[in-house]
Amino acid sequence: MELYGMCSGEQEDLCGRCRKHATIVVSRKEHFCKDCFLKFIRVKQRKQMKGDLYKVKFGKSEDEIKNKTVNLLFPFLFTQSSLVLADALIYWLKEQVSMSSKAHVGFYLTIFFLGLDKPLENVKQCMSSLESRYGGAEMLEELHISFTLADGDTFISSNGSQEYLVSTANEAFCINENVPKLKTLHEFFSNIGNPSSKEYFMDIVKDLIIGDYCLKKHFSHVVLPYSMSELAISTLSYTVGGSGERIGAVIGSKTREENSNTFDFLYPLRDVLQYEIEKYTDLCGTSGFVNENKGNALKSVRSKSMNELIGGYFGSIQGEYPEAVSTVVKIASKLSGPPNKKDFKKCQICHNVVLDDPERWINGLTVLEGVPPSNEEEIENLRRYKESSFAKEKECIPKDAERVTICYGCMVAIKSTGSSCLYWPTFV
Ligand SMILES: [Zn+2]
Ligand SMILES: [Zn+2]
């Protein structure tokens with residue numbers, strides 16, 4: 001589909017970069033034709049991945065350069081940004097191998113399809129659409145690109161499960177006895193009614209699956225497909241959700257540590273705004289390969305998750321105030337995560353370092369003791385409350401339950417599920 005063409009008669013709006021083709025995108029006050037716009041975004045991606053590591057390799061044969069070539073893992077998250085990163089990376093690899101007869105790819109790319117909350121047929125449809133869009137299986141093989149499907153169910157069922165409880169006094173417990181073994185992801189998420197909690201735990205599961213895959217398949221370099229707008233959403237959502245320490249650990253830092261291994265995490269699209277992402281996939285003709293947030297606009301505020309609400313806010317201001325989005329991400333990038341020392345406690349659920357005592361925090365933030373009753377009616381209300389099931393909830397913690405460390409963010413998310421308990425797989 002060719003989108004550019006001449007407008008007849010009137011003065012033509014030419015691309016500010018090449019001065020040859022008509023403008024079809026205006027972004028950050030600059031006028032672009034299709035090719036110049038795609039290049040503008042690709043340059044932003046390459047700037048984040050500059051250096052020798054991913055550069056084209058030269059050698060007589062593949063064997064000669066094999067040891068110098070890194071394996072790069074790209075978790076495909078079924079978002080428009082994932083499509084942009086896929087296109088930009090594949091385009092880059094194609095350009096690298098066409099440089100000369102001795103040129104080889106700068107990295108071996110594994111695209112890890114992580115569509116845990118998507119129906120399997122949609123996931124497979126997207127994979128095959130991408131394969132044919134980028135020249136078919138043979139071409140992908142030539143570029144050393146492989147597609148892998150993440151299997152969330154196997155990941156869940158190959159681990160045991162535990163039940164976590166948060167008491168009304170905000171103490172966290174773990175119960176090991178008689179806990180049903182979770183078999184599918186669907187089973188796991190079906191108990192979580194609150195959309196923000198569901199999203200919160202889904203993100204943790206995705207992170208854990210990526211970490212697990214890196215460990216098992218020996219990947220130490222990962223690129224994540226988040227635009228500047230998406231990173232800004234995560235930053236605010238971590239803040240609001242009470243896991244502010246994760247901003248520095250996830251967005252501010254380039255490396256993450258797990259089981260004494262260090263992994264490089266890059267965000268190649270961290271300088272790209274969401275409307276630029278959408279324009280890019282429109283121009284590539286790939287936007288329909290994933291269908292995210294369908295019917296989102298119709299949802300009521302209460303049934304929207306935190307990320308959706310914050311996304312709506314950034315979406316409404318990014319046109320007029322793009323600097324607001326970039327300021328949030330710039331601040332996040334300047335923060336560093338908590339030091340990862342061995343003697344620090346880790347959250348049993350998200351595996352993040354727990355610095356403060358979350359119980360003290362949550363109790364300090366919430367006023368638990370009310371004003372004492374002052375008249376007959378209030379004394380009667382208090383008596384009725386004490387007899388009610390609300391007041392008896394405290395006693396539901398089994399005697400053999402074990403006290404555990406859970407971070408503030410996970411504690412809030414568990415309490416928001418409505419049942420104050422969570423079945424969670426025991427990831428190693
Ligand atoms: Zn141009
Ligand atoms: Zn946690």
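A residue is called buried if its relative accessible area is under 20%, exposed if over 50%, and partly exposed in between (1.4 Å probe, protein chains only). By this rule Cys 350 is buried, with a relative accessible area of 9%.

The model is predicted: local features need pLDDT of at least 70 and side-chain atom pairs count only at pLDDT 80 or more, whereas totals for chains, interfaces and linings use all residues. Residues are numbered from 1 along each chain as its sequence is written, chains are lettered from A and ligands numbered from 1 in the order in which they are written, and side-chain values use heavy atoms, with hydrogens and water left out.

Donors here are N, O and S atoms within 2.8 Å of the metal (3.2 Å for Na, K and Ca); water is not among the atoms, so sites may look incomplete. Cys 350 lies in the loop between strand S13 (345–346) and strand S14 (353–354), and Cys 410 in helix H17, so the pair ties together parts that are 60 residues apart in sequence. Helices (H or I, at least four residues) and strands (E, at least two) are DSSP runs, numbered from the N terminus. Cys 410 is buried, with a relative accessible area of 0%.

Helix H17 leads on to a sheet. This helix (residues 408–416) lies across S8, strand S9 (172–175) and S16, running at about 85° to S8. Axes are lines fitted to C-alpha atoms, for helices over the stretch in contact (heavy atoms within 4.5 Å), and angles run from 0 to 180 degrees between N-to-C directions. The open sheet has 4 strands in the order S15-S9-S8-S16, with antiparallel pairing. Strands S15 (402–403) and S16 (421–425) stand at the edges with a single partner strand each, so one side of each is left without a neighbour in the sheet. Two strands pair if DSSP finds at least two bridges between them; S8 (residues 161–166) and S16 have 5 bridges. Ser 161 stands opposite Pro 425 in S16.

The zinc ion (ligand 1) has Cys 15, Cys 18, Cys 33 and Cys 36 as protein donors through SG, lying 2.3 Å from it.
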